[in-house]
Amino acid sequence: MRSSSSSPFDTNRFSTVFRNLDATRFQEISSQTTGGDVERILDRGRTDSLEEFARLISPAAEAYLEPMCRLSQRVTQKHFGKTIRMFAPLYLSNECVNVCRYCGFSRHNDIPRITLSIDDVESEAALLADQGFRSILLVAGEHPKYVSNGYVESVIQRLAKRFPSIALELGPLEADGYQPLVDSGCEALIVYQETYDESTYRSLHTAGPKKHFHWRMDTAERAYEAGFRRLGIGALFGLHDWRQEAVSLAAHTQHLLRNCWKAQVALSMPRMRPAAGEFEQVEFLRDHHFVQLIAAFRIFAPHAGITLSTREPASLRDGLIPLGVTSMSAGSSTEPGGYSSFDETSFTPAGEQPGEQFHIADERPPAVVAEAIRSAGYDPVWKDFDQALFDHPTEELGSHPSKRFTELESKTVDRNPVSVK
Ligand code: SF4
């Protein structure tokens with residue numbers, strides 16, 4: 001791992017590639033796509049370029065949703081089998097120095113603020129472990145008070161025995177800031193760009209370190225450099241034109257698959273949900289476009305994980321199980337301490353908990369979600385079997401987790417790929 005200031009990765013960061021991405025050209029390609037263009041891609045069974053991804057999310061491709069979904073299903077089963085990885089978020093803190101206009105934790109929102117003690121985190125985690133989870137996503141707002149004092153490392157070390165797979169969704173750091181987190185046993189880093197449209201980004205992120213659009217964009221690559229072996233990216237749909245966001249997210253996915261090839265890459269397309277601050281979403285992504293998007297991403301990036309969160313309603317989640325998704329959260333609380341202190345009497349008139357980041361749509365318990373997955377003919381996977389490989393590192397394979405993973409992968413038949421959020 002190198003300090004990010006002297007990194008040879010700098011010249012090839014996605015932010016550099018992104019500056020040359022001509023959004024207007026892709027809009028034109030999408031609007032001019034014909035049914036024949038879509039049929040040719042579906043007959044071939046794959047896309048050969050970002051331009052073809054733009055054709056799959058075009059208005060013309062809407063008429064081909066069914067064959068797109070069939071192809072997406074085939075491709076997913078070929079690369080991931082009939083499995084869905086289960087995970088749960090665990091919120092450590094809702095304290096945040098940023099102003100993000102769409103988020104319940106935004107610093108101007110008047111909500112109860114809390115950062116869990118390490119003992120409280122362990123109590124929350126025990127409840128999740130009792131429900132069967134072995135894969136956990138630690139989430140927190142962005143605040144200096146817990147990034148610099150070893151708090152996150154201590155949390156990871158405390159949870160590592162119980163959870164073979166720990167992912168993080170925190171404020172972005174430099175590569176050398178990530179190193180202790182990797183050394184503590186964390187394997188995955190999730191960071192959403194929120195919106196890839198720079199002027200929209202600037203209007204929504206008006207204070208705090210998150211204002212730095214390009215620095216955020218390169219976070220996944222800094223995390224890779226520090227040794228994370230799974231990377232998750234995404235955009236929050238509802239902030240800007242969904243087709244433009246999708247092309248940028250596809251370009252980012254393609255870039256990571258090519259340049260961070262020792263890591264697994266997963267993507268997510270969360271849609272806006274109600275939250276404190278009552279932000280009005282700008283660009284509503286309809287259900288059938290959401291399905292089109294999942295199928296298009298699967299065809300474009302067959303090896304990338306696709307994650308579906310509890311932001312989506314139960315009926316839609318059940319319908320999407322066989323269509324390209326590889327990972328699902330379940331029974332989620334988006335409030336620090338929300339698993340142990342759930343209190344029905346504290347709901348706001350809008351049906352939200354006052355300290356939550358956003359209100360989830362699929363409120364079913366994890367066991368019910370797992371049963372829905374089984375009913376669709378898929379296996380819910382609670383445990384990350386990859387960890388068993390890491391318990392026996394060899395001198396020959398070295399110490400970088402991604403390196404060990406990739407080389408061991410080539411010696412392992414029929415591995416079940418995993419993804420995060
Ligand atoms: S989106 Fe993240 S950084 Fe922004 S206010 Fe919410 S928790 Fe803080």
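Predicted model: local features only at pLDDT ≥ 70, side-chain atom pairs only at ≥ 80, totals over all residues.
Biologist: Does glycine 324 count as buried or exposed?
Modeller: The cut-off for a buried residue is 20 or more other C-beta atoms within 10 Å. Glycine 324 has 26 C-beta neighbours inside 10 Å, and therefore it counts as buried.

Biologist: Which residues does glycine 324 touch, not counting residues up to four places away in sequence?
Modeller: Glutamine 77 is 247 residues away from glycine 324 in sequence, yet the two are 8.3 Å apart in space, C-alpha to C-alpha. With residues up to four places away in sequence left out, the residues that glycine 324 touches are Ser72, Thr76, Ile294, Ala295, Arg298 and Ile306.

Biologist: How many of the residues of strand E8 are buried?
Modeller: In a regular strand the side chains alternate between the two faces of the sheet. In E8, Gln264, Ala266 and Ser268 point one way while Val265 and Leu267 point the other way, and all are buried. Strand E8 (residues 264–268) is largely enclosed by the rest of the structure because the number of its residues that are buried is five of the five.

Biologist: Which residue stands opposite serine 268 of E8?
Modeller: Strand E7 (residues 230–235) runs parallel to E8 and is joined to it by five bridges, and E7, helix H13 (residues 242–259) and E8 together make a right-handed β-α-β unit. Opposite serine 268 in E8 stands glycine 234.

Biologist: What is the bridge partner of alanine 266 in E9?
Modeller: E8 also pairs with strand E9 (residues 305–308), in the parallel sense and over three bridges. In E9, the bridge partner of alanine 266 is glycine 305.

Biologist: Which residues does alanine 296 touch, not counting residues up to four places away in sequence?
Modeller: The largest nonpolar core has 105 residues, and alanine 296 is one of those that touch the most other members, along with others including Leu56 and Phe228. Leaving out residues up to four places away in sequence, alanine 296 touches Phe53, Leu56, Ile57 and Met68.

Biologist: How many charged residues are in the shell around the ligand?
Modeller: The residues around the ligand include Cys96, Asn98, Glu142 and Lys210. By class, the shell has four nonpolar and three polar residues, and its charged residues number two.

Definitions and conventions:
Residues numbered from 1 in each chain as written. Buried ≥ 20, exposed ≤ 12 C-beta atoms within 10 Å, placed from the backbone. Helix = DSSP H or I, 4+ residues; strand = E, 2+ residues; numbered from the N terminus. Pairing = 2+ DSSP bridges. Right-handed = clockwise from strand over helix to strand, strands pointing away. Near = placed C-beta within 6 Å. Nonpolar A, V, L, I, M, F, W, Y, C, P; charged D, E, K, R; others polar. Core = buried A, V, L, I, M, F, W, Y, C linked by C-beta atoms within 7 Å. Contact = placed C-beta atoms within 7 Å.
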